[in-house]
Amino acid sequence: MKYYLFKISIFVFSIHLLNAQDPHFSQYFMSPLTINPALAGTGYGKFRLMSNFRSQWQIGGTPYSTYTLGLDANLLSNKKTKKNILGGGVLFLGDQSNFGLLKSSYVGLTIDYHQAIGKNSRIGGGFQATLGKRYLDKLNLSFGNQFGKNGFDLSSSSGENNLINMPLFYALNAGVVYSYKSTFTQFDFGFSLYNLNKPNQSFLNDKSQIYPVETVFHTNYDVSLVNNIFFSGNAIFRIQSKQNYFAVGGVLGFDMTKGNNNQILYLGNWFREGDAIYPYLGLLLNNIQLGISYDITISKQNLGSVSPQSIELSFVWRDLTRQFGKIRCPWK
């Protein structure tokens, strides 16, 4: 049974490599370092500690899961340059699929700089270097040459070390962001490229199995409304190989402390083209923010007995030595 399962996982894994994509989040707006390196250090406060967890495509009781832990900061403290940003960040990302047999781990370092241009505008660029590793869980795999008269002997050599062990690889990413901010509004537009060096991710040293370049466009608009209510909307468009990804949505924020900026309820909804809509609920308590979203599938794709579903959690902890200001969008 394990050997049969292994063959299935390798087949699915081969398809995954041919159509390789970077991990995506429904709450992409809560994971800035995975959509543009130029977003490091651009949040409210001196620094942010961020985490995301996504569980999706429930198959046989074991989901495909993706998780991140990131830290970014504005490294400039000179009041004369407060409109400029020298940002830095580190991101840890992992995922697993195929009943946990295939796992991936990544760590990325990011640096960016934003220069004020005029009274209300700023433009910046950033770079990110990522080191990655993909591997198969050999403790839960069995191979044909491990089968004997008494069944599978997992203590014996499988002879498949090249298949199980994959060399480390690195990826280079870059992006730019333009921002305009007034007293009651803010607009941002960004563009980024991931996997510029097209890293090879083949267990079998197949040079044709590379991670294709991913192009990302993203934008958001934030505005303060009346009675301590504000609106934040954003959109993202990702292109990688033959796969396109477009999502758009927004959130209303309700200041429950009449302007103290430390207790805010967020209610929103997003739409992912041809796939799902997903409502979002968020809560900001002082410097801690929690968010949850659930994908409601609208795809007409025939998935047989597979029941696609996805739940996603987000967490942000901000240093609030710098104040929020008039605009209080949830992802800053």
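I began with N286, which is partly exposed, with a relative accessible area of 41%. I had opened a predicted model, so all my notes refer to that. N286 sits in the loop between strand 14 and strand 15. I looked up its backbone next. N286 has a positive phi of about 60°, although it is not a glycine.

**Another positive phi**

I turned to N195. Its phi is also positive, about 65°, and N195 is not a glycine either. N195 lies in the loop between strand 9 (185–194) and strand 10 (214–224). Is N195 buried or exposed? I found a relative accessible area of 5% for N195, so this residue counts as buried.

**The whole chain**

I stepped back for the overall picture. I counted 2 helices and 16 strands in the protein. The protein has 332 residues, and 46% of them count as buried. I then checked contacts between residues at least 6 apart in sequence. Of these, 57% join residues at least 24 apart. The accessible surface comes to about 16,500 Å². Carbon and sulfur atoms account for 62% of that surface.

**The cores**

Which residues of the largest nonpolar core touch the most other members? I noted Y28, F29, I236, Y266, W270, Y280 and W331, out of 28 residues in that core. Strand 11 (229–240), strand 12 (243–255), strand 13 (263–272) and strand 14 (276–285) each supply at least two residues of this core. I also found a second, separate core of 5 residues, with L93, M166, F169 and Y211 among them.

Leaving out residues up to four places away in sequence, Y28 touches I35, N234, A235, I236, Y245, A247, V248, W270 and Y278.

**S232**

I stayed with strand 11, where S232 is found. S232 has a relative accessibility of 1%, so I logged this serine as buried. What does the side chain of S232 make a polar contact with? I traced the contact to the side chain of D222, at 3.1 Å. I listed the neighbours of S232 too, again leaving out residues up to four places away in sequence. S232 touches Y221, D222, G249, G250, V251, C329, P330 and W331.

**N84**

I moved to the loop between strand 2 and strand 3 (85–97), where N84 lies. The relative accessible area of N84 is 11%, so N84 is buried. A polar atom of its side chain lies 2.8 Å from the backbone nitrogen of A116. Beyond residues up to four places away in sequence, N84 touches N74, L76, Y113, H114, Q115 and A116.

**The surface patch**

I finished on the outside. I marked a nonpolar patch on the surface, formed by F53, Y67, L267, L281, I292, Y294, I296, I311 and L313. Together these residues have about 750 Å² of accessible area. Strand 15 (288–297) and strand 16 (310–318) are the elements that give two or more residues to the patch. Which strand gives the most? I found strand 15, with 3 residues.

Y67 lies in strand 2 (residues 62–74).

Terms used:
Residues are numbered from 1 along each chain as its sequence is written. This is a predicted model: local features need pLDDT of at least 70, side-chain atom pairs count only at pLDDT 80 or more; totals for chains, interfaces and linings use all residues. Side-chain values use heavy atoms; hydrogens and water are left out. Helices (H or I, at least four residues) and strands (E, at least two) are DSSP runs, numbered from the N terminus. Buried means under 20% relative accessible area, exposed over 50%, partly exposed in between (1.4 Å probe, protein chains only). Contact means heavy atoms within 4.5 Å. Accessible areas come from the Shrake-Rupley method with a 1.4 Å probe; for residues, only the protein chains shown count as cover. Patches are made of residues with over 30% relative accessible area and no salt bridge: like charges are joined within 9 Å, nonpolar side chains (Val, Leu, Ile, Met, Phe, Trp, Tyr) within 5 Å. A salt bridge is a side-chain nitrogen of Lys or Arg within 4 Å of a carboxyl oxygen of Asp or Glu. A nonpolar core is a set of buried Ala, Val, Leu, Ile, Met, Phe, Trp, Tyr and Cys residues joined through side-chain atoms within 4.5 Å. A polar contact is a pair of N or O atoms within 3.5 Å; within protein, one must be able to donate a hydrogen and the other to accept it, and residues adjacent in sequence count only if both atoms are side-chain atoms.
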